Amino acid sequence: MAIVKNDSVIDQEWITLDAEADLPPGEENIIVPLARFKEERETLIGRNGGLGVQLNPGDAPEDLANDLDRLSIVTVNFPAYTDGRGYSYARVLRERLGFKGELRAIGDVLRDQILYMHRCGFDAYELKNDDDVSLTKVRAALKEMTVYYQPTGDGRVTAASLRERRRAALKSAS
């Protein structure tokens with residue numbers, strides 16, 4: 001698997017643990033499911049390694065609101081490309097809760113979804129292809145469209161805003 005983040009292919013530096021796995025004894029960077037984080041919060045926060053949480057469909061990203069400053073990464077699982085809840089999770093984390101860490105899409109991540117994932121706040125994508133092809137796919141996907149109708153947290157100007165600017169410019173020129 002390749003992980004693409006900020007226009008680069010990066011190494012996997014995180015160990016994803018399930019609900020029953022033992023915590024590693026060292027300072028490894030770990031990602032745990034939200035339910036485990038809620039159950040073992042104090043122990044997990046007290047570790048010396050990096051800490052991340054995995055959100056799965058049905059989880060509530062708002063449950064992390066008071067701990068986002070302690071998390072380096074949040075992964076959002078897309079178990080099927082047809083499950084769109086992860087897009088909403090990303091927007092809640094970035095726009096409402098102000099999460100500044102890495103937000104990684106995992107699971108059934110398709111090239112055709114990358115631009116929309118990026119617009120919702122994802123900055124990393126775990127792809128199941130070789131590194132060069134994955135980076136090429138992500139770069140191409142992020143440049144596919146240049147004008148948008150829907151506003152999102154990525155700061156890109158919408159078509160309506162562009163039209164209004166043009167009207168204002170024409171009005172002031174006359």
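Strands here are DSSP runs of E with at least two residues, numbered from the N terminus. In this predicted model, W14 sits in the loop that links β2 (8-10) to β3 (15-16).

**The chain as a whole**

Six helices and eight strands make up the secondary structure of the chain. Their order along the sequence is β-β-β-β-α-α-β-β-α-β-α-β-α-α. The chain has 174 residues, and 40% of them count as buried. Of the contacts between residues at least 6 apart in sequence, 49% join residues at least 24 apart.

**W14**

W14 counts as buried because its relative accessibility is 12%, and the cut-off for buried is under 20%. Leaving aside residues up to four places away in sequence, W14 touches N29, I30, I31, G50, L51, G52, S72, I73 and R104. One of these, L51, is 37 residues from W14 in sequence, yet the two C-alpha atoms are 8.8 Å apart.

**Helix α3**

Helix α3 covers residues 85-96. At 1.5 Å a residue, its 12 residues should span 16 Å, and the distance between its end C-alpha atoms agrees, at 16 Å. The buried residues of α3 are G86, Y87, Y89, A90, V92, L93 and R94. They pack against the elements in the table.

| Element | Residues |
|---|---|
| β5 | 51-55 |
| β6 | 73-78 |
| β7 | 102-107 |
| α4 | 114-120 |

Just after α3, G98 has a positive phi of about 70°.

Methods:
Residues numbered from 1 in each chain as written. Predicted model: local features only at pLDDT ≥ 70, side-chain atom pairs only at ≥ 80, totals over all residues. Heavy atoms only, no water. Helix = DSSP H or I, 4+ residues; strand = E, 2+ residues; numbered from the N terminus. Buried < 20%, exposed > 50% of the residue type's maximum accessible area, 1.4 Å probe, protein only. Contact = heavy atoms within 4.5 Å. Expected span 1.5 Å × (residues − 1).
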